[in-house]
Amino acid sequence: MTLRQLKKETRVLPRAFFDRPAEAVARDLLGTVLVRRANGATLAGRIVETEAYLGQGDRAAHSARGVTERTRVIFGPPARAYVYLIYGMHYCLNLVAEPEGTAGCVLLRALEPLCGVDEMRRLRPKARRDRDLASGPAKLTQALGVTLDDYGRDVLRGDLTVRAFHYPTMHKTAIGPRIGINESRELPLRFHIADNEHVSVR
DNA sequence: CCGCGGATCTTCT
DNA sequence: GAAGATCCGCGGA
């Protein structure tokens with residue numbers, strides 16, 4: 001898909017979209033498009049897998065132990081980026097949900113590349129196939145060049161935005177337990193597009 | 001295709 | 001001092 005087509009067929013999601021329960025935001029983000037400007041190029045991918053992290057009763061969430069230097073953005077206004085370093089070497093990107101003062105965010109786990117695939121390959125040379133480019137939370141940040149510099153960034157304008165198609169785009173949503181956590185395993189907070197080649201775990 | 005272990009460092013106990 | 005919202009390369013089937 002060309003960038004021109006994308007801009008014509010989509011609009012930037014408003015803050016009200018994110019000012020809702022994290023579960024609803026995670027589900028509704030499926031099928032929308034994450035757009036990134038990096039190194040003079042514009043990269044975009046369809047969001048095909050997300051996970052919700054809640055404010056209360058979710059012991060797997062980073063926000064479960066209250067406000068810290070790292071987690072403060074999760075408690076702030078919606079539609080901001082929460083980026084963190086995991087295992088000392090990878091970054092993960094979340095979008096903050098819920099009204100200001102309430103914790104909640106959505107981990108972006110996988111994209112289906114739509115625009116700027118050449119630049120994504122430069123940023124992520126280890127990817128062999130297109131479906132290796134962003135089929136995992138840290139692969140996604142590598143492919144888009146997202147780092148701690150993006151911590152707290154507003155996603156309504158600027159170099160990182162989310163856009164939805166004007167026309168309805170149908171898909172079947174699959175729901176299950178989140179990946180790679182030990183606490184609150186039983187909560188069905190992982191959402192992905194069923195039968196999509198680009199999700200992290202198939 | 002599958003399972004295993006190493007890399008590497010911030011955060012919280 | 002240990003665990004962690006992960007990825008990759010290796011070896012074997």
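How do the residues of the surface near DNA strand B divide into nonpolar, polar and charged? They comprise three nonpolar, two polar and two charged residues. In this classification Ala, Val, Leu, Ile, Met, Phe, Trp, Tyr, Cys and Pro count as nonpolar, Asp, Glu, Lys and Arg as charged, and the others, Gly among them, as polar.

The structure is a predicted model, in which local features need pLDDT of at least 70 and side-chain atom pairs count only at pLDDT 80 or more, while totals for chains, interfaces and linings use all residues. Residues are numbered from 1 along each chain as its sequence is written, chains are lettered from A and ligands numbered from 1 in the order in which they are written, and side-chain values use heavy atoms, with hydrogens and water left out.

A residue is near a strand if one of its heavy atoms lies within 4 Å of it. By this rule, Arg65, Thr68, Arg70, Leu85, Tyr87, Gly88 and Met89 surround DNA strand B. Of the atoms of DNA strand B within 4 Å of the protein, sugar or phosphate supplies 62%, and bases supply the rest.

DNA strand C is surrounded by 20 residues, of which His62, Tyr84, Asn94, Arg124 and Gly180 are the closest. Among the atoms of DNA strand C that come within 4 Å of the protein, 52% belong to sugar and phosphate. The surface near DNA strand C has nine nonpolar, seven polar and four charged residues.

The table gives the atoms and distances.

| Protein atom | DNA atom | Distance |
|---|---|---|
| Thr68, polar side-chain atom | DNA strand B, phosphate oxygen | 2.9 Å |
| Tyr87, backbone N or O atom | DNA strand B, base oxygen | 2.4 Å |
| Tyr84, polar side-chain atom | DNA strand C, base nitrogen | 3.1 Å |
| Asn94, polar side-chain atom | DNA strand C, base nitrogen | 2.6 Å |
| Asn182, side-chain N or O atom | DNA strand C, phosphate oxygen | 3.1 Å |

Two or more residues of the surface near DNA strand C come from each of strand 4 (81-86), strand 5 (90-96), strand 6 (104-115) and helix 5 (137-144). Helix 5 gives the largest share, three residues. Helices (H or I, at least four residues) and strands (E, at least two) are DSSP runs, numbered from the N terminus.

## The largest pocket

Rolling a probe the size of a water molecule over the atoms shows where empty space is left. The largest pocket has a volume of about 650 Å³. Its lining contains 31 residues, and those closest to its centre are His62, Tyr84, Ile86, Gly180 and Ile181. On a 1 Å grid over the protein atoms alone, a pocket is an open set of points where a 1.4 Å probe fits, with protein on both sides within 12 Å along at least five of seven lines, and lining residues have an atom within 4 Å of a point. Grid points are joined across faces, edges and corners, and the volume is the space filled by probe spheres set on the points.

Strand 6 contributes the largest share of the lining of the largest pocket, four residues. By class, this lining has 16 nonpolar, 10 polar and five charged residues.

## Individual residues

Most residues other than glycine have a negative phi. Asn39, although not a glycine, has a positive phi of about 55 degrees. Asn39 is placed in the loop between strand 2 (33-38) and strand 3 (41-54), and is exposed, with a relative accessible area of 62%. Ser184, also not a glycine, has a positive phi of about 50 degrees. Ser184 belongs to the loop between strand 8 (173-176) and strand 9 (190-193), and counts as buried at 10% relative accessibility. Buried means under 20% relative accessible area, exposed over 50%, and partly exposed in between (1.4 Å probe, protein chains only).

Glu49, in strand 3, is buried, with a relative accessible area of 0%. The side chain of Glu49 makes a polar contact of 2.9 Å with the side chain of Arg190. A polar contact is a pair of N or O atoms within 3.5 Å; within protein, one must be able to donate a hydrogen and the other to accept it, and residues adjacent in sequence count only if both atoms are side-chain atoms.

Finally, the count of disulfides (pairs of cysteine sulfur atoms within 2.5 Å) is zero. The sulfur of Cys92 is too far for a bond, because the closest cysteine sulfur, in Cys105, is 11 Å away. Cys92 is buried at 3% relative accessibility, and Cys115 is buried with a relative accessible area of 4%.
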